[in-house]
Structures are given as C-alpha cells and as structure tokens.
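This report describes a protein chain through its charge pairs, its nonpolar core and a few loop residues.

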Amino acid sequence: MRLDKFLKISRLIKRRTLAKEVADQGRISINGAQSKAASNVAVGDELTIQFGQKVLTIEVKSLKENVTKNEAATLYEIKKEEPVNQS
C-alpha cells in the first residue's frame with residue numbers, strides 16, 4: 001500500500017494530499033530511509049513521522065483498504081512519541 005494512502009486510512013493524517021506534502025518535504029521515513037508518498041508500506045515497517053513539534057514512531061500492524069474510525073488505530077502501534085530537538 002502507498003505511504004500516503006496508509007496515513008490517510010489509519011487517520012494519522014487527515015487527507016491524502018496533506019500526507020503527500022509531508023512525505024515530499026522529507027518528514028517521513030520508513031525503516032530509517034527517507035520516503036516519498038508513493039513508497040510502499042508493508043506490515044512490520046517502522047514509520048517515523050515529524051509533526052510540527054513532535055516526532056512519532058509507529059510500527060505497521062496491518063493493512064486494509066477500508067476501515068471504520070474505531071478500527072483505524074488497530075492498523076499501527078505507537079512505539080515512541082518525543083518532542084523535536086530544538087538546536
């Protein structure tokens with residue numbers, strides 16, 4: 001599944017176009033490698049996403065084409081959530 005689609009379906013990012021913009025800015029990595037919106041996401045991958053003032057690290061638990069709002073959180077597990085280091 002494409003990275004931008006996974007972020008939208010899992011409701012980590014509300015809109016697919018916004019997920020694409022975030023990925024194109026280089027703020028998302030899959031297993032430590034910078035990723036584009038079209039990058040493939042697989043079960044077991046570790047995503048690191050930089051939102052404004054925090055960095056979120058998640059592990060992909062499952063991939064589904066359609067999920068309800070209640071099921072969305074079951075697609076991933078939060079590993080780490082930390083503030084962005086201010087230099």
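## Salt bridges

A salt bridge is counted where a side-chain nitrogen of Lys or Arg lies within 4 Å of a carboxyl oxygen of Asp or Glu. The model is a predicted one, in which local features need pLDDT of at least 70 and side-chain atom pairs count only at pLDDT 80 or more, while totals for chains, interfaces and linings use all residues. Residues are numbered from 1 along each chain as its sequence is written, and side-chain values use heavy atoms, with hydrogens and water left out.

A search of the whole structure finds 9 salt bridges. In one of them, the side chains of Lys54 and Glu81 meet at 3.1 Å, N to O; Lys54 lies in strand β4 and Glu81 in strand β5, so the pair ties together parts that are 27 residues apart in sequence. Helices (H or I, at least four residues) and strands (E, at least two) are DSSP runs, numbered from the N terminus.

Lys61 forms a salt bridge with Glu59, with 3.6 Å between the closest N and O atoms, and another with Glu77, where the corresponding distance is 3.3 Å. Through shared partners, salt bridges join Glu59, Lys61, Glu77 and Lys79 into one network.

## Nonpolar core

A nonpolar core is a set of buried Ala, Val, Leu, Ile, Met, Phe, Trp, Tyr and Cys residues joined through side-chain atoms within 4.5 Å; buried means under 20% relative accessible area, exposed over 50%, and partly exposed in between (1.4 Å probe, protein chains only). The largest such core has 23 residues, and those with the most contacts inside it are Leu3, Phe6, Leu7, Leu12, Ile28, Leu47 and Ile58. At least two residues of this core come from each of α1, α2, β1 (28–30), β3 (46–51) and β4 (54–60), and the largest share, 4 residues, comes from α1.

## Loop residues

Most residues other than glycine have a negative phi. Arg11, in the loop between α1 and α2, has a positive phi near 65° and is partly exposed, with a relative accessible area of 43%. Asn31, in the loop between β1 and β2 (33–34), likewise has a positive phi, of about 50°, and is exposed at 51%.

Asn70 is found in the loop between β4 and β5 (76–83) and is exposed, with a relative accessible area of 72%.
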